[in-house]
Amino acid sequence: MKIAINGAGIAGTALAYWLGKLGHEVLLLERAPALRRGGFVLNLWGIGYDAIERMGLLPQLLELQHHSDELRMVDRSGRTRGGYPSRVLLKLAKGRMATLARSDIATAIFAALPAQVETRFGDSISAIDDDGTRVRVAFEHAPPREFDLVIGADGLHSHVRQLVFGPDTRFEYPLGCHVASFEIPGYRPRNGNTYVAHTAPGRYVARFPLRDDRMLFFVLLRDEHLKGCVPTSHLERKAALTAALADIGWESTTILAGMEPVDDIYFDSISKIRMDAWVKGKVALIGDAAACPSLIAGEGAGFALAQAYVLAGELHRHGNDTEAALAHYHARLGAVVARKQKQAESLVASFIPSTALGVRLRDYATLLMRFPVFPRILMGRYFRDELALPEYGI
Ligand SMILES: Cc1cc2nc3c(=O)[nH]c(=O)nc-3n(C[C@H](O)[C@H](O)[C@H](O)COP(=O)(O)OP(=O)(O)OC[C@H]3O[C@@H](n4cnc5c(N)ncnc54)[C@H](O)[C@@H]3O)c2cc1C
């Protein structure tokens, strides 16, 4: 089949990998001029870990892992108030968890794409006309072409979803907060391999040490700290972060000074995407475009990898019957993702409490994670995927 995939994030590259391997003619489009870098590190476990293993990429990605020994919560003076050793989480994932930069995952998959995958950067699908047999696609910068199938893998604010399924307002459920992440080279203090986090009411800032003396920052802000103005440009992002973090204490002065020369800041709303159908005719959605569980709930990258494997596997299993393949794709994964999405609101309350008392209680509660049984009671459900990846023989 001729298949167009819009978006070369983790979902799009993983699907292109599988479809190319199965012999389909794939066009992978990315609006950015090159594979996008940046973003935070994420933990891959469960079905996402299984999916990357089935792609044969696990050994090389394990080499690129980032390690933290401890997760430490500090107050505005830098005194430790909570935290636990990172091995507790590894144990919950039964040893099958990898901490990886999102860009390392996308880069590794992109490098493994089979030769027949055509990639085009700096372009995007601009119109889609599905007549039930073939899909005629127009592009921003190239002549139109026809495909058997079109896939939207273009993330939380998916353009394919807007073109075919409807406006974002029908599917996006904002959780009332935003995320930012950026790197500061040579940042001090470094505290060895410790993930250090400080929370002020409605604002969470964490630093994670990377290789090559880089420090990765991760910021969560409740929307009231953006004062009704969501930044769009790089300068606006910096200004918004400066205004929101200036009075939180801890290392805010050093962080904001270190952020000044930074030219790449990831900034986005934290939202869920919930849809009754991921498929319409010969157009399907995958990854955040279909079912973003939200950064807070986690596993967005893991689900994207699993969706890519299952979508390709169902197409392989059903041959020319794309309707059945696409229906099975959604049926297999829809409920698992929906359950994960239900956890998002309670996780917002625990990540970014809105009162000082809430922050104190949350920090102290994390100390329980040091004792046996509590990790399973407090966090076990977040590490449970009630699905084993099907075997497709691909
Ligand atoms: C630069 C970046 C940084 C991120 N940082 C974090 C983070 O710190 N923490 C976190 O939890 N999640 C982050 N994410 C989101 C995380 O990668 C996803 O939740 C998860 O990996 C699922 O991936 P996805 O491929 O569905 O979506 P995404 O990773 O969002 O990938 C979508 C891709 O589609 C491209 N695209 C968008 N619109 C169009 C269009 N109209 N035409 C063509 N291409 C288009 C985008 O440029 C992007 O490459 C980040 C995403 C990006 C792109």
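A residue counts as buried here if 20 or more other C-beta atoms lie within 10 Å of its own. Keep that cut-off at hand for these exercises on a predicted model.

**Exercise 1. Work out which residues of strand β3 cover each of its faces, and find the partner strand.**

Solution. 
- Step 1: Start with the faces. Val-41, Asn-43 and Trp-45 lie on one side of β3, while Leu-42 and Leu-44 lie on the other.
- Step 2: Apply the cut-off. Both groups are buried, which leaves both faces covered.
- Step 3: Draw the conclusion. Because five of the five residues of β3 (residues 41-45) are buried, the strand is largely enclosed by the rest of the structure.
- Step 4: Look for the partner. Strand β6 (residues 97-101) is joined to β3 by five bridges, and the two run antiparallel. Within this pair, Thr-99 of β6 stands opposite Asn-43.

**Exercise 2. Find the residues that touch the most other members of the largest nonpolar core.**

Solution. 
- Step 1: Among the 117 residues of this core, pick out Leu-15, Ile-286 and Ala-308.
- Step 2: Helix α10 (residues 300-318) gives the most to the core, with eleven residues.
- Step 3: Leaving aside residues up to four places away in sequence, Ala-308 touches Ala-11, Ala-14, Leu-15, Trp-18 and Ile-286.

Terms used
Residues numbered from 1 in each chain as written. Predicted model: local features only at pLDDT ≥ 70, side-chain atom pairs only at ≥ 80, totals over all residues. Core = buried A, V, L, I, M, F, W, Y, C linked by C-beta atoms within 7 Å. Buried ≥ 20, exposed ≤ 12 C-beta atoms within 10 Å, placed from the backbone. Helix = DSSP H or I, 4+ residues; strand = E, 2+ residues; numbered from the N terminus. Contact = placed C-beta atoms within 7 Å. Pairing = 2+ DSSP bridges.
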